[in-house]
Amino acid sequence: MAKKLPKRSEDYSKWYNELVVRAGLAENSGVRGMMVIKPYGYAIWEKMQAQLDKMFKETGHQNAYFPLLIPMSYFAKEAQHVEGFAKEAAVVTHYRLRTTADGKGIEVDPAAKLEEPLIIRPTSETIIWDTYRRWIQSYRDLPVLVNQWANVMRWEMRTRLFLRTAEFLWQEGHTAHETKDEAVREAEQMIDVYAEFARDYMAMPVIRGVKTPTERFAGAEETYTIEALMQDGKALQSGTSHFLGQNFAKAFDVKYLSREGKLEYVWATSWGVSTRLMGALVMTHSDDNGLVLPPKLAPIQVVIIPIFRKAEQLEQISAKAREIMDKLRAKGISVKYDDSDNYKPGWKFNEYELKGVPVRIAIGPRDLENGTVEVARRDTLEKFVIPSEGIDLYVENLLDKIQNNLYERALAYRNEHITSVDSFEEFKDVLENKGGFVLAHWDGTAETEAKIKELTKATIRCIPLDFDTSEEGKDILTGKPSKRRVLFAKAY
RNA sequence: CGGGAUGUAGCGCAGUCCGGUUAGCGCACCACGUUAGGGACGUGGGGGUCGCAGGUUCAAAUCCUGUCAUCCCGACCA
């Protein structure tokens with residue numbers, strides 16, 4: 001008798017943690033805040049990677065790989081950048097161990113101290129710009145449109161599976177351009193790519209916007225973000241794209257000979273999404289029975305479960321199942337047939353629901369007699385008895401329906417949780433009792449932003465780009481004039 | 001970095017206060033049998049340096065000292 005998941009409505013964190021572990025996505029490794037991504041979780045990440053990679057290439061980018069370790073001095077070159085990452089840097093200081101005097105253990109060999117410590121990359125801007133200096137001589141070398149898939153490390157004090165781990169997987173795009181306009185367009189293009197990916201593949205609605213100066217990436221002149229809303233009413237920053245101006249070009253002396261024959265600094269962008277998207281996926285769609293995966297990212301889209309008593313029955317059912325599998329696979333649908341006999345059908349039903357498989361087909365003796373199968377959809381938990389004749393078309397169509405339904409459902413929830421408020425009382429009330437995004441007037445100062453954060457734990461997620469929020473108003477805290485509403489929320 | 005907990009079988013825990021046969025339970029695992037349309041049951045079985053190192057004692061999972069690690073709550077962050 002396996003235990004049920006905790007109820008989502010009772011303790012969202014506990015539900016999330018247990019779901020991630022039990023569905024086979026990931027677990028804590030027992031080493032600091034390091035996470036093990038398990039095969040099933042990694043399979044989902046690989047599907048995300050494949051689609052994102054395709055979209056990057058369609059927008060003209062190429063992949064490359066840069067070193068894991070970065071000399072400490074590189075970080076010192078861009079002042080804001082150091083400040084942003086210094087507090088969470090893992091540092092390599094030695095390159096050798098030796099056995100202890102008593103011969104029982106090992107210790108760091110003090111003789112093997114590095115002259116300059118190396119930093120395990122928290123992000124790769126510095127080493128990449130140091131490299132780009134050598135790559136870029138003239139306007140003919142531009143633009144440089146490179147992405148890398150990598151791991152990075154940020155020594156976070158407190159971690160949560162996928163949402164904040166000390167080491168995480170991500171992609172980071174780093175581009176160099178001739179003009180400011182071109183770089184800004186690139187940063188905007190990539191946030192659009194992320195928004196499109198979230199909508200069309202993750203079935204996750206997001207709000208595009210720009211960050212306030214305090215929430216900006218360390219070293220950026222503008223940070224574009226996509227903000228998603230989780231089921232517990234908290235926001236999750238799901239992807240960012242930065243216009244870096246000429247900050248890194250100047251710090252790393254990356255100049256090119258322009259069309260006019262003058263030496264100019266290049267304009268830069270960087271953009272990234274991480275395994276945090278896995279957490280976003282879980283917290284957008286899942287329910288008390290477990291994970292709910294959008295068909296486009298599900299490693300297994302359809303599972304077939306035989307129901308049988310005797311071996312002869314299993315043979316007949318398996319023949320039928322194979323026929324259906326062949327038809328589904330011919331349509332590019334990934335199918336698993338689970339004819340294992342160590343678990344009963346009821347156990348399997350629960351197990352594949354926990355894993356979020358979008359469609360389940362059950363075939364039993366009754367179905368063989370009637371020429372039918374039982375089809376269950378994960379998103380609504382509805383079951384239908386369907387003639388097995390046109391099952392491939394039915395399932396193909398159903399997968400699309402589920403994909404759309406998940407998006408529509410998440411969108412409806414998200415839209416219900418955007419609230420406009422005009423007073424601080426109302427602001428606090430919505431944050432505490434309803435949750436979600438709050439559109440409110442802000443006087444534009446960092447002081448007010450900090451004060452509101454201190455009082456309510458809510459931060460300005462972004463100044464939205466997807467809808468017009470400009471109107472005259474008064475700051476909810478200070479009463480000072482404001483020209484537009486901004487988007488607040490408590491965030492992960 | 002401040003506060004609080006916990007380390008006992010693969011996982012989850014009891015036992016520790018008040019020291020005493022062979023360290024126990026649930027799940028998982030193995031074998032056999034019965035079962036199978038929403039998390040089956042029976043019988044038998046395997047698996048432990050009680051985090052680590054010292055100390056007290058006739059006797060330590062239990063008491064003492066030290067140490068290491070992990071988790072939770074804060075501040076910080078994709």
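How much space lies in the largest cavity? I looked this up before anything else. The model is predicted, and the largest cavity in it holds about 70 Å³ of space.

**Entry: the cavity**

I counted the cavities of 30 Å³ or more and got 1. I then listed the lining of the largest cavity: Val303, Tyr352, Glu353, Val357, Pro358, Val359, Arg360, Ala376, Arg377, Arg378 and Leu381. By class, this lining has 7 nonpolar residues, 4 charged ones and no polar ones. I also checked which elements supply at least two lining residues each, and noted α10, β19 and β20 (372–377).

Next I turned to the RNA. There are 40 residues around RNA strand B, and those that come nearest are Arg158, Arg164, Arg276, Arg360 and Asp367.

Which side chains place a polar atom by a base nitrogen of RNA strand B? For Asp367 the distance from a polar side-chain atom to a base nitrogen is 2.6 Å. For Trp347 it is 3.0 Å, and for Arg154 it is 3.5 Å. The elements that give two or more residues to the surface near the strand are α10 (345–354), β19 (359–363) and α11 (365–370). Helix α10 gives the most, with 7 residues.

**Entry: helix α2**

I compared the length of α2 (residues 39–58) with what its residue count predicts. At 1.5 Å a residue, its 20 residues should span 28 Å, and the end C-alpha atoms are 28 Å apart, so the two agree. After α2 comes Gly60, with a positive phi near 90°.

The buried residues of α2 are Tyr40, Gly41, Ile44, Trp45, Met48, Gln49, Gln51, Leu52, Asp53, Met55 and Phe56. I read that list with the helix repeat in mind. An α-helix has 3.6 residues a turn, so residues three or four places apart point the same way. Among the buried residues I marked Tyr40, Ile44, Met48 and Leu52.

**Entry: helix α5**

Is α5 mostly covered or mostly open? It is mostly covered, with 8 of the 11 residues in 125–135 buried. I listed these as Glu125, Thr126, Ile127, Ile128, Trp129, Asp130, Thr131 and Tyr132.

Methods
Residues are numbered from 1 along each chain as its sequence is written. Chains are lettered from A and ligands numbered from 1 in the order in which they are written. This is a predicted model: local features need pLDDT of at least 70, side-chain atom pairs count only at pLDDT 80 or more; totals for chains, interfaces and linings use all residues. Side-chain values use heavy atoms; hydrogens and water are left out. Buried means under 20% relative accessible area, exposed over 50%, partly exposed in between (1.4 Å probe, protein chains only). Helices (H or I, at least four residues) and strands (E, at least two) are DSSP runs, numbered from the N terminus. The expected span of a helix is 1.5 Å times one less than its number of residues. A residue is near a molecule or strand if one of its heavy atoms lies within 4 Å of it. A polar contact is a pair of N or O atoms within 3.5 Å; within protein, one must be able to donate a hydrogen and the other to accept it, and residues adjacent in sequence count only if both atoms are side-chain atoms. On a 1 Å grid over the protein atoms alone, a cavity is a set of points where a 1.4 Å probe fits but cannot get out, and a pocket is an open set with protein on both sides within 12 Å along at least five of seven lines; lining residues have an atom within 4 Å of a point. Grid points are joined across faces, edges and corners, and a volume is the space filled by probe spheres set on the points. Ala, Val, Leu, Ile, Met, Phe, Trp, Tyr, Cys and Pro count as nonpolar, Asp, Glu, Lys and Arg as charged, and the others, Gly among them, as polar.
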